[in-house]
Amino acid sequence: MGELSPDAESLVARRAERPAEETLAWVASTLGGRVLSTRRLTGGISAGMDVVEIERDGSPELVVLRRYVNDVWLSVEPDLASREAGLLEHLELHGVAAPRLLAVDGDGSASGSVCLVMTHVPGRTVHEPADRQVWLDGLITTLLEIHEVPVPHHLGLRDHDGQMDIDIGLACPVRFGHPVDEELWAVIAATWPTVTRRPIALGHADYHPGNVLWVDDRVSAVVDWTVACFGQAAADVSYLRLDIALVHGLEAGDEVLTAYRRIAGEDLPDRPFWDLMAAVRAHGFVDTWWASYVEFGMTDLPLARCERRFAEFTDRCRRELAT
C-alpha cells in the first residue's frame with residue numbers, strides 16, 4: 001500500500017474551505033432549522049471543523065460540523081464518518097465526556113460532503129496550564145475512564161494488536177496512512193513478541209491536549225475519535241507522554257507517567273516499547289505536530305526545540321529497550 005495522504009498544503013487548503021452551501025443546507029434541513037453563521041475551528045489534520053450557528057424554534061444553537069477532507073484516506077476507509085458516528089453514540093451510552101451525535105452523511109450523497117454533525121461542547125483546549133498537576137490528573141483520569149468503556153466490536157474499529165501481529169512481518173508497513181521508519185520499526189518488530197498482552201481496551205489512539213476540552217479545571221469533552229481502536233491501553237498513555245514532551249520537555253512527559261502510576265495504582269507495562277511506538281507515529285511528522293501547536297497559540301515554541309526533544313525521547317526509548 002502506498003502513501004495514503006495527499007500533500008499537506010492540499011489538506012490545509014481543504015480544511016480552511018467554508019462548508020459548501022449544499023452541505024449547510026443539509027445541516028439545516030436535517031436539524032430542522034436555518035443556518036445563521038459558520039466559524040472555523042482550529043486544529044485537525046484530515047478534517048475541516050466548523051462551528052455552525054443554527055436557529056431552531058426561534059432560538060440560536062451551536063453545533064459542530066466535521067467534514068472528512070482527506071479523499072485518499074476515504075478511498076481506503078470509506079466508513080470513517082459512519083464509524084465515528086456509531087462510536088459517539090456508544091460513548092454517550094456509557095457516559096463518556098464527548099460530543100453527542102446529531103446527524104451523519106456517511107457517503108456524502110445527501111450533503112455533498114462526507115460529514116457528521118455533533119453537539120457543540122463548551123470548553124477550550126489547554127496546552128500551558130496554570131497548574132500542571134491538576135491538568136495531568138484530569139488528562140489521566142479521563143483517559144482511564146475511556147479505557148473502561150466496553151469495546152464496541154460491532155462498529156469495526158481497528159484491531160491494534162491484530163494489525164501489529166501482521167505488520168511486524170513487514171520491513172516497512174504503512175501505519176496510520178504513512179510508511180514507518182524502517183530502522184525504528186526493526187526494533188519494534190523484534191520487541192513486540194515479548195510484550196505482555198493485557199486485556200484489550202477501547203483506545204482513542206490520538207489522545208493529546210489538543211483533543212481535550214476544559215471548563216475551568218474540569219474536562220468537558222474528548223474530541224476527534226476518527227482513529228479510535230481497541231488494543232493495549234498503554235499505547236494511549238505513551239502517545240500522550242510524547243506529545244507533552246515535545247511541548248514542555250522530557251521531564252513533563254515523565255510527569256505523565258508519574259500521574260498515571262498514582263491514579264491507576266500500577267506501573268505502565270512495557271513502557272519503553274509503547275514510548276517507541278508513539279515515536280514511530282511521529283517520526284517524519286514532527287513539523288506537522290509543531291504546526292498544530294502553533295495553530296493552538298504556542299507561537300514561541302521553535303520547531304528546532306520540538307525536533308530536539310523528539311530525538312531525545314526516541315534515543316532514550318532505544319537505549320532502554322537495548323538494556
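This is a predicted model: local features need pLDDT of at least 70, side-chain atom pairs count only at pLDDT 80 or more; totals for chains, interfaces and linings use all residues.
Colleague: What is the hand of the crossing of helix 5 and helix 9?

Modeller: Helix 5 passes helix 9 in a right-handed crossing.

Colleague: Which residues make the contact of helix 5 and helix 9?

Modeller: From helix 5 they include Leu136, Ile140 and Leu144, and from helix 9 Val256, Ala259 and Ile263. The cut-off for contact is heavy atoms within 4.5 Å. By class, this contact has 9 nonpolar, 2 polar and 4 charged residues.

Colleague: At what angle do helix 10 and helix 12 pack?

Modeller: Helix 10 (residues 271-282) and helix 12 (residues 303-322) pack at about 140°, with axes 9 Å apart. Helix 10 passes helix 12 in a left-handed crossing. Among the residues in contact are Phe273, Leu276 and Ala279 of helix 10, along with Phe310, Phe313 and Cys317 of helix 12.

Colleague: How many residues of each class are in the contact of helix 10 with helix 12?

Modeller: The contact of helix 10 with helix 12 has 9 nonpolar, 1 polar and 4 charged residues.

Colleague: What makes strand 1 and strand 4 edge strands?

Modeller: The open sheet of 5 strands has the order 1-2-3-5-4, with antiparallel pairing. Strand 1 and strand 4 each pair on one side only. From one strand to the next, the twist averages 25°.

Colleague: How do you know that strand 4 and strand 5 pair?

Modeller: The threshold for pairing is at least two bridges. Strand 4 and strand 5 have 4 bridges, in the antiparallel sense, and are therefore paired. Ala103 stands opposite Val117 in strand 5.

Colleague: Which residues of helix 2 are buried, and what covers them?

Modeller: In helix 2 (residues 21-31), the buried residues are Thr23, Leu24, Trp26, Val27, Ala28 and Leu31. Buried here means under 20% relative accessible area. Their cover includes strand 1 (34-40), strand 2 (47-56), strand 3 (59-68), strand 4 (101-105) and strand 5 (115-119).

Colleague: What follows helix 2?

Modeller: Gly32 follows helix 2, and the phi of Gly32 is positive, near 75°.

Note on methods
Residues are numbered from 1 along each chain as its sequence is written. Side-chain values use heavy atoms; hydrogens and water are left out. Axes are lines fitted to C-alpha atoms, for helices over the stretch in contact, and angles run from 0 to 180 degrees between N-to-C directions. Helices (H or I, at least four residues) and strands (E, at least two) are DSSP runs, numbered from the N terminus. A crossing is left-handed if the near helix is turned anticlockwise from the far one by less than a right angle, and right-handed if clockwise. Ala, Val, Leu, Ile, Met, Phe, Trp, Tyr, Cys and Pro count as nonpolar, Asp, Glu, Lys and Arg as charged, and the others, Gly among them, as polar. Buried means under 20% relative accessible area, exposed over 50%, partly exposed in between (1.4 Å probe, protein chains only).
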